[in-house]
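Here's a quick tour of a model, with a few helices worth a look. Have the viewer open and follow along.

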Amino acid sequence: MQSVLPSLFFYALATMILVSAVVTITRRNAVHSVIWLISTLLGIAGLFLHQHAEFLAAVQVIVYIGGITVLFLFVIMLVNLDEAAKKKQFAGQWKIVVICAGALLAELGFFIFKGAEGFYFAEPAGGSLQPNTQLIALALYRDYLLPFELASLLLLVAMIGAVVLAKKDLK
Amino acid sequence: MPTIPAAIEPFIWPFVYGAVILLVFPLLAGYIVLLERKVMADIQVRLGPMRVGPHGLLQPLADALKLLIKEDIIPTLSDKWIFWISPIISVVTALVAVFLIPMSDKLPVPDTNIGLLLVLSLTSVGILGIILGGWSSNSNYPLLGALRSTAQLVSYEIALSFALIGGLMLAGTLSLQGIVMAQKEQAIWFVFFQPVAFVIYFIAALAETNRAPFDMPEAESEIVAGYHTEFSGFRFALYFLAEYANIVIVCSIMTILFLGGWLRPFPNVAALEFLNFAPALVLLGLGGACLIGLDRKPSKPQKLGMIGLGGAFILAGLACLLPPVMEAVHGLFWFMLKVFMGVYTFIWIRFTLPRYRYDQLMNIGWRWLIPLAIANVIVTGIVMQREQIFAALGF
């Protein structure tokens, strides 16, 4: 029983993530899409927990569900959904889709051809890396300080750009 | 007695505790509502609910019954399943968060190494219930309420988190139990080290729970009842329950992080050991207060009710004098007292301060609270690492 349970969790979460992701892009109503997106993100948080990355799981929920999807909803509520629903749902970029799907299929086929030793399921770590939060902080603020600061600088630039774009009409 | 398999044995007590929370908390929330109405009446020089039970003590039960048997109305043009699920999102996340709060070191509350973050993430999911509920009603006022709520919650969550970081730097852990133990080890409540963070947290918590003076999402004089305008009966009761659960949660986090959780005042001064008798004294005092003025009660059932209540309080107080019971109860007592004082202050502020304007709300949040909270984190960091900094500067 001990050996079955983790993979059971994994399959349940994976099903939840994949099904919600598919439903997310097929809903006509944008708010419904966001709700299914939340379900996907919750599943990913569950996978982090499954890997004993408790801090990441909580941050995933706080940042993505508590922050980003709430902002999505904020914007979507201001949009006239009836009008949006009449628009074509798929943009018709069939060539790109076929290329991407083909590449994915080739990858999958390669792994299936190679058999079981070709890929491993992510096994839950033997135990949580303790102390979880401190280890992440050390990695971010000491070992990888420069990449971390560069990333935050990039985000700052993007934010200032967005503000400038939004303010353009006021001049 | 059958033996319990080792695989499920650790889950039994938390499960029982969770079930108890699920059953007791709605009642508790009902009595917080009664407290609010009574305090409001007192501030406005009225009596408040007096009809149901002695001093209106059974009013919450009557209200709950009324809400449960009301007709369940779903607006025709609403988005049905979102309308159906959004109060559930709010109430489930709030009750799970209540379950995670260690009210005493004797309770079987799971101690996770991300305790505080877990509670915060649950409340941030609970916000979705408000937003989706307002949107799905397909009506103007709820939508306005939901929009206001979103903007307000997103703005104040930042200040709230930075205020929490100030306290967390002292505790050095995210586990709720660990935070209280850190205060026991350092022999001081963190509010004395972090008064600025405490004040910022309190203000941001008022905004997070949509309480006056930041109750724009449900400002009754502007947008009827905000996001829950279209909700009636049972669904409205769920929103109400979630709202009061959230008040209890923010007050509990305040208690745990700043006010020493279940520790009594001055937990390391042995001379104050007699404070452990406080729960017994309070219960006996409550019992006595119930029995005073009995002959002024208007009717016989009311008189009997007060005698029963007073007797129950006195019995409970006597039970608390027994050493094992006292040992088990005094942590819970101090925690409840601190949370109660927080909730009382929330209510007090609601009937004292007028509502802010929307632009004032945003100004306070972005231009005052957030910079102040960030400055507080920086100063805390400098003070905590002062020796290394002095050494580096060559003093």
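Which residue takes a positive phi just after α14(B)? That's B:G394, with a phi of about 90°. Keep in mind that this is a predicted model.

| Helix pair | Crossing angle | Axis distance |
|---|---|---|
| α1(B) (residues 9–43) and α9(B) (residues 233–258) | roughly 85° | within 9 Å |
| α11(B) (residues 300–321) and α12(B) (residues 323–350) | about 100° | 5 Å |

Angles from 65 to 115 degrees count as roughly perpendicular, so α1(B) and α9(B) fall in that class, and α11(B) and α12(B) are therefore roughly perpendicular to each other too.

Who touches whom? On the α11(B) side you'll find B:A319, B:C320 and B:L321, and these meet B:P323, B:V325, B:M326 and B:V329 of α12(B). That contact has 7 nonpolar residues, with no polar and no charged ones.

In the other pair, α1(B) brings B:F25, B:P26, B:A29, B:I32, B:V33 and B:E36 up against B:F240, B:L241, B:Y244, B:A245 and B:V248 of α9(B). By class, that makes 10 nonpolar, no polar and 1 charged residues.

A word on confidence, this time for chain A: its mean pLDDT is 80, and 80% of its residues reach 70 or more. Among the elements of chain A, helix α7 (residues 145–167) has the highest mean pLDDT at 90, while helix α4 (residues 81–86) has the lowest at 67.

Technical notes: Residues numbered from 1 in each chain as written. Chains lettered and ligands numbered in written order. Predicted model: local features only at pLDDT ≥ 70, side-chain atom pairs only at ≥ 80, totals over all residues. Heavy atoms only, no water. Helix = DSSP H or I, 4+ residues; strand = E, 2+ residues; numbered from the N terminus. pLDDT = per-residue confidence, 0-100. Axes fitted to C-alpha atoms, helices over the stretch in contact; angles between N-to-C directions. Parallel < 35°, antiparallel > 145°, perpendicular 65-115°, else oblique. Contact = heavy atoms within 4.5 Å. Nonpolar A, V, L, I, M, F, W, Y, C, P; charged D, E, K, R; others polar.
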